[in-house]
Amino acid sequence: MKKILLKNAKLVLENKLINGSILIFKNKIERIFTDKYNLSEFTFDEVIDLEGKYLGPAFIDIHIHGADGADVMDSSEEALRKISSYLVQEGTANFLATTLTSSKEILKEILKVVANLQNKDIEGANIFGVHMEGPYFSIEYKGAQNDKYMLPASVKELEEYLSVKEGLIKLFSISPHNQENLKAIKFLADREVIVSVGHSAASYEDVMKAIDLGLSHATHTYNGMKGFTHREPGVVGAIFNSDNIMAEIIFDKFHVHPEAVRTLIKIKGVDKVICITDSMSATGLAEGKYKLGELDVNVKDGQARLVSNNALAGSVLRMDVAFKNLIELGYSITDAFKMTSTNAAKEFKLNTGILKEEKDADLVVLNKDYKVCMTMVKGKIKFKR
């Protein structure tokens, strides 16, 4: 195994920025040197001079449907590899392959395909599991989900999904608006699947009841859920008020107004918000007509919308753009990395998301304009500009 030194960098640690270098060995961060160290005392197999660029933990995208013309719902290894290869270009080293509401047969087939590539060394970003988005949703807040497959949850059906491969399903989005779904939430939480409220017409009280049963996450906060009012705080109010909820946000400036993003971060704190892309197959490609699962989508002016009713249909957002949007909103680079990497790593118990010795060497190099220059996955350079 090679000893690789990334030297002369601005290291973005959890709560501070320092000038220094990082030694990588056996896919991990072996040592962090401040610029006071005399590196001539050590020997390395490869030295990469980062020339003062930022070096931080690579991004983690826990909610992504596709990119570069490929969709998780294509149900093929080729599609997953294509998404993986694209994601390292935007600085992402780990992601959850995210499904859409569909038939049980199709979803089980997709789970089997992802299982074959989970945590394997592939072309780009690592697939560490699956985010099942649906099918147990409220039709009133279906968004770009196919309502013909929506139904109340069934523990028997969930057992079938979980039995495809132990530890494959990491995140499950569900609406806690009925007893069947509440029962499913407890069933999933008891089996250490993180359960998320999404596409939901549930009341404030329903969501709080679900939190007591183990619900601990929110799917693209504000979007696809009952909003906050002073007479019915709704799903959004429950997310605001519960310290147990980790809140996703799509920060592309279309799905959520930047000041509403600021409101969420002020209420929840920087340690309880995770930026996601919710990106679909058109990400990285020209504007035009595309598919999101079985639904027709038109991409124009940076927005993906359903042809049928003009509803937002996922996004064409990149994680590096979400990161830059946080910076432009006034957040520090350390806080921006928390919301694009560290928080997700902690929630899903990944050995990454922070520059620390013994952590996986999942790293991103950004220039002064926050453009991705290099992405490392488990100590291997998967993208270099």
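Trainee: What makes E358 count as exposed?

Mentor: Welcome to this predicted model! E358 has a relative accessible area of 53%, and exposed means over 50%, so E358 is exposed.

Trainee: Which peptide bond is cis, and what is its omega?

Mentor: The bond joining G134 and P135 is cis, with omega about 15°. Most peptide bonds are trans. P135 sits in the loop between strand 10 (126-133) and helix 3 (155-163).

Trainee: Which residues meet where helix 8 touches helix 9?

Mentor: From helix 8 come M319, F323, L326 and I327, and from helix 9 come I333, A336, F337, M339 and T340. Sorted by class, this contact has eight nonpolar residues, one polar and no charged ones.

Trainee: How do you know that T340 is buried?

Mentor: Buried means under 20% relative accessible area, and T340 has 1%, so T340 is buried. This residue lies in helix 9. Apart from neighbours within four places in sequence, T340 is in contact with F59, I60, C275, M319, F323 and L326.

Trainee: Why is K82 called partly exposed?

Mentor: K82 has 38% relative accessibility. Buried would be under 20% and exposed over 50%, with partly exposed in between, so K82 counts as partly exposed. K82 lies in helix 1.

Trainee: What does K82 touch beyond its neighbours within four places in sequence?

Mentor: K82 is in contact with D68 and A70. As for A67, it is 15 residues from K82 along the chain, and the two C-alpha atoms are separated by 7.7 Å.

Trainee: What makes helix 1 oblique to helix 2?

Mentor: Helix 1 (residues 77-87) packs against helix 2 at an angle of about 55°, with the axes 9 Å apart. Roughly parallel needs an angle under 35 degrees, and roughly perpendicular begins at 65, so helix 1 is oblique to helix 2. Helix 1 passes helix 2 in a right-handed crossing.

Trainee: Which residues make the contact of helix 1 with helix 2?

Mentor: E77, L80 and R81 in helix 1 meet V113, V114, N116 and L117 in helix 2. The classes here are four nonpolar, one polar and two charged residues.

Trainee: Now the strands. In what order do they stand in the open sheet of eight strands?

Mentor: The order is 6-9-10-11-12-13-14-15, with parallel pairing.

Trainee: Why do strand 6 and strand 15 stand at the edges?

Mentor: Strand 6 (59-64) and strand 15 (273-276) each have a single partner strand, so one side of each has no neighbour in the sheet. Helix 8 packs on this sheet, touching strand 6, strand 9 (92-98) and strand 15, and its direction makes about 110° with that of strand 6.

Trainee: How do you know that strand 10 and strand 11 pair?

Mentor: Pairing needs at least two bridges, and strand 10 and strand 11 (residues 169-174) have four, in the parallel sense. There, M132 stands opposite F172 in strand 11.

Trainee: What links strand 17 to strand 18, and which way do they run?

Mentor: Four bridges join strand 17 (residues 295-300) to strand 18 (residues 303-306), and the two run antiparallel. V299 stands opposite A304 in strand 18. The two strands form a hairpin with two residues between them, and D301 in the turn has a positive phi of about 55°.

Key: Residues numbered from 1 in each chain as written. Predicted model: local features only at pLDDT ≥ 70, side-chain atom pairs only at ≥ 80, totals over all residues. Heavy atoms only, no water. Buried < 20%, exposed > 50% of the residue type's maximum accessible area, 1.4 Å probe, protein only. Contact = heavy atoms within 4.5 Å. Nonpolar A, V, L, I, M, F, W, Y, C, P; charged D, E, K, R; others polar. Axes fitted to C-alpha atoms, helices over the stretch in contact; angles between N-to-C directions. Parallel < 35°, antiparallel > 145°, perpendicular 65-115°, else oblique. Left-handed = near helix turned anticlockwise from the far one by under 90°.
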